[in-house]
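Here's a quick tour of how some strands in this fold pair up. Have a look at the model first, then read on.

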Amino acid sequence: MSPVRTQWTRFIRFVAAETAQVHVGQPVDPTLDVGLAAWNKQVIQAYEISGSTLDPAAQLTSTILTVKELLSPLSREQVKTVRCLGLNYSDHAAEAKMAKPPVPVLFYKALGSIIGPNAPICIPKVAQPVEDHLPDYEVELTIVIGKAAKNVSEADALDYVLGYTGANDVSFRKHQSTTSQWGFSKSFDNTTPLGPCIVSSNVIPDPQAIPLTCNLNGTTLQNGNTKDQIFNVRKTVAFLSQGTTLEPGSIILTGTPAGVGYVRKPPVLLRNGDLVRVWLGHGIGTLVNPVVEEGETCAKL
C-alpha cells in the first residue's frame with residue numbers, strides 16, 4: 001500500500017481577511033508557529049489550497065491570503081470519529097499509580113467537544129465548583145487518518161496517516177473517577193482544543209520523536225516526547241483498525257505524558273481566567289486557549 005502523499009507540508013483552515021470566507025492553505029512562512037502568531041495577532045499569510053481538506057490531491061496554489069481568524073484544521077463536520085488513548089505514556093501511568101495497560105485503552109469523544117485555536121475552554125456547570133471536579137489539561141499528539149484503514153499491519157500503518165496535529169484532552173477528574181468509562185467526563189461541549197495545523201506525514205517520517213509540552217499561566221507543567229509512548233503510532237493504528245474501518249478524517253489522540261494537574265500536591269486545576277498553551281514540535285506549533293466557566297461567551301468551532 002502506497003503512503004498518503006500531499007502537495008502541502010503544513011495545512012491550516014482559516015477565515016480570510018480578503019473574502020470573509022473559510023479557506024484552507026499553507027503558511028507562507030515555513031517556520032512560523034501559526035497558533036502562537038494567531039494568539040499574538042501577528043499577520044499570517046497563507047498560500048491557498050484548492051480542493052477538499054481530506055483529498056491528498058488538493059492543489060497548493062500561488063494565491064496568497066491573509067488569515068483573519070485561525071480555525072481548527074478540521075471542522076466538526078469533517079471529523080468522522082474522535083478516538084483517544086488513555087495511559088499511553090509510562091511516566092503518566094506511574095504518576096497516576098496505574099499499571100501499564102497490556103493493550104491500548106480506548107475511549108471516544110463527542111464531536112461537540114472540539115474547538116479551535118484561541119477559542120475558550122468552557123467549564124460547564126456540571127463540572128463546577130472546580131475545586132471538587134478537578135478540570136485538568138493533557139497535551140496530546142493527534143493522528144489524522146487520510147485513507148480508509150481496516151486490518152492494517154504495523155508495517156503499513158503509517159501509510160494511512162494524512163498527518164499530525166495537536167490537542168488538549170481537557171479532563172474532568174471527578175466525573176472520570178466515578179466510572180470505568182471516560183467518554184462522558186472528556187466530552188463536554190467546547191472542551192477539546194485541536195490544532196493549530198496539520199503537518200503532513202510526508203515531513204514527519206518518524207512520529208516517535210516529537211516533543212510536546214503544556215504550559216499553564218506561564219509555567220510549563222508537562223514536558224514529554226512521543227518516544228515514551230507505550231503504544232506507538234504504528235501499533236495504535238494497527239490495533240484500532242482490527243475489524244474496524246478508520247475512515248478518512250478520523251482522528252486519534254494518542255495519550256499524554258507526565259505532569260497532569262490532579263496528581264500534583266496540591267492539585268493544579270483549570271480555573272476561570274487561566275491561559276493554557278500546548279505545544280508540539282516538528283512544525284505543529286502552539287494551541288493557546290483561555291479558560292472560562294459556563295455563563296461566559298464560548299466560541300464555536
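## Strands and their partners

Strand E2 (residues 22–27) is largely enclosed by the rest of the structure, because 5 of its 6 residues are buried (under 20% relative accessible area, with exposed meaning over 50% and partly exposed in between; 1.4 Å probe, protein chains only). Strands here are DSSP runs of E, at least two residues long, numbered from the N terminus, and two of them pair if DSSP finds at least two bridges between them.

A word on the source: this is a predicted model, where local features need pLDDT of at least 70, side-chain atom pairs count only at pLDDT 80 or more, and totals for chains, interfaces and linings use all residues. Residues are numbered from 1 along each chain as its sequence is written, and side-chain values use heavy atoms, leaving out hydrogens and water.

| Strands | Bridges | Opposite residues |
|---|---|---|
| E1 (residues 10–16) and E2 | 4 bridges | Phe14 and His23 |
| E2 and E3 (residues 45–50) | 3 bridges | Gln26 and Tyr47 |

Glu69 lies in strand E4 (residues 59–71) and, at 43% relative accessibility, counts as partly exposed.

Elsewhere, 5 strands form an open sheet with mixed pairing, in the order E8-E18-E17-E14-E15. Its edge strands are E8 (121–123) and E15 (219–225), each pairing on one side only.
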